[in-house]
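Subject: Structure handover

Hello,

I am passing a structure on to you. Please look it over before you read my notes.

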Amino acid sequence: MDNDVSAGSTTTIVGRLALGITLLAFGLGHTDLIDGVTAADAVTIAHYVGGVALFVVGLLALRDRDSAGGTAYTVLGAFWFTWALSAGSQASDNAAGLFLLLFALVALSLTAAGGDQLTRGTYGLFLVALVLMAVASFADSDSLTKVGGWFAVAAGAVAWYAATAAMAHWPTALPRRAAGRGVTAAG
C-alpha cells in the first residue's frame with residue numbers, strides 16, 4: 001500500500017466520524033441484518049450525530065475556509081436532520097423517493113467535486129445507496145431497500161476508516177501502478 005497518510009483537519013476527522021456512524025446506523029437499519037433493528041432505530045443518531053453535529057462541523061469547516069468540507073458537511077447535516085424529522089411521517093412512497101433522489105443529486109455533486117480516494121468512495125457509495133433506496137420507494141421494493149442499506153453500510157465503513165486512518169496515521173491511498181507495468185504483450 002501507498003503510505004500517503006494525511007493527518008487531516010480536526011473538522012474533517014470529526015465530520016467523517018459523524019458521517020460514518022450515521023451511515024452505518026442508517027444502513028444497518030435497512031438491511032435487517034440485526035434482528036429487531038430497523039431504520040427507525042437510526043433516527044436519533046441521524047438527528048443528533050448526522051444532523052446537528054455534522055451541520056455544526058460544516059459551519060466550523062467553512063469558518064476555517066474549507067469550502068469543500070464545509071459545504072459537504074452542512075448539506076449532509078441538513079439531509080440527516082430532515083430525514084430524522086420526517087421518518088415515520090405519513091409522506092407517500094413517491095415523496096420519500098423524490099427526497100432520496102434529490103439528495104442523490106447532492107451526493108453526485110460531492111462525488112464529482114473530487115477530494116481524496118476515501119472521500120470520493122464514501123460519497124460514491126452513498127450516491128448508489130440513495131438511488132437504490134429512491135427506486136425502492138417508487139417501486140415498493142424491500143429487496144432494493146436492503147441492497148441500498150448495504151451500500152450505505154459500505155459508505156459508512158469507508159468514512160469511518162478515513163477518519164480513523166487520519167488519526168492513526170494509516171494509509172489513506174490505494175497503490176498506483178506505473179503505466180504499462182504488470183501488463184504483458186500478447187503474442
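Below are notes on pockets, a cavity, a surface patch and salt bridges.

This is a predicted model, in which local features need pLDDT of at least 70, side-chain atom pairs count only at pLDDT 80 or more, and totals for chains, interfaces and linings use all residues. Residues are numbered from 1 along each chain as its sequence is written, and side-chain values use heavy atoms, with hydrogens and water left out.

**Pockets**

First, the terms. The search runs on a 1 Å grid over the protein atoms alone. A pocket is an open set of points with protein on both sides within 12 Å along at least five of seven lines. A cavity is a set of points where a 1.4 Å probe fits but cannot get out. Lining residues have an atom within 4 Å of a point. Points are joined across faces, edges and corners, and a volume is the space filled by probe spheres set on them. Helices are DSSP runs (H or I, at least four residues), numbered from the N terminus.

The largest pocket has a volume of about 770 Å³. Its lining has 28 residues. Nearest the centre lie His30, Trp83, Asp93, Ala96 and Ser137. Five helices each give at least two lining residues: α1 (10–31), α3 (67–86), α4 (93–112), α5 (117–139) and α6 (142–168). Helix α4 gives the most, with five. By class, the lining has 13 nonpolar, 10 polar and five charged residues. Here Ala, Val, Leu, Ile, Met, Phe, Trp, Tyr, Cys and Pro count as nonpolar, Asp, Glu, Lys and Arg as charged, and the others, Gly among them, as polar.

The second largest pocket has a volume of about 380 Å³. It is lined by 22 residues, and Thr12, Arg16, Gly69, Gly115 and Thr119 are the closest to its centre. Helices α1, α3, α5 and α6 each supply at least two lining residues. This time α3 gives the most, with five. The classes are nine nonpolar, 10 polar and three charged.

**Cavity**

The whole structure holds one cavity of 30 Å³ or more. Arg16, Leu19, Tyr73, Leu118, Thr119, Thr122, Tyr123, Ala159 and Ala162 line it. Two or more of these residues come from each of α1, α5 and α6. Helix α5 gives the most, with four. Six lining residues are nonpolar, two are polar and one is charged. Note that Arg16 lines this cavity and is also among the residues closest to the centre of the second largest pocket.

**Nonpolar patch**

A nonpolar surface patch covers about 670 Å². Leu98, Leu101, Leu102, Leu105, Leu108, Val131, Val135 and Phe138 make it. Patch residues have over 30% relative accessible area and no salt bridge; nonpolar side chains (Val, Leu, Ile, Met, Phe, Trp, Tyr) are joined within 5 Å, and like charges within 9 Å. Areas come from the Shrake-Rupley method with a 1.4 Å probe, and for residues only the protein chains shown count as cover.

Leu108 sits in α4. It is partly exposed, because its relative accessibility is 43%. The cut-offs are under 20% for buried, over 50% for exposed, and in between for partly exposed (1.4 Å probe, protein chains only).

**Salt bridges**

How many salt bridges does the search of the whole structure find? There are three. The test is a side-chain nitrogen of Lys or Arg within 4 Å of a carboxyl oxygen of Asp or Glu.

- Asp116 and Arg16 meet at 2.8 Å, N to O. They are 100 residues apart, with Asp116 in the loop between α4 and α5 and Arg16 in α1. Asp116 is partly exposed at 33%. Arg16 is buried at 12%.
- Lys146 pairs with Asp32, with the closest N and O atoms 3.5 Å apart. These two are 114 residues apart: Lys146 is in α6, and Asp32 is in the loop between α1 and α2 (43–63). Lys146 is partly exposed at 35%, and Asp32 is partly exposed at 47%.
- Asp64 pairs with Arg63, with the closest N and O atoms 3.7 Å apart. Asp64 is partly exposed at 46%, whereas Arg63 is exposed at 62%.

Best wishes
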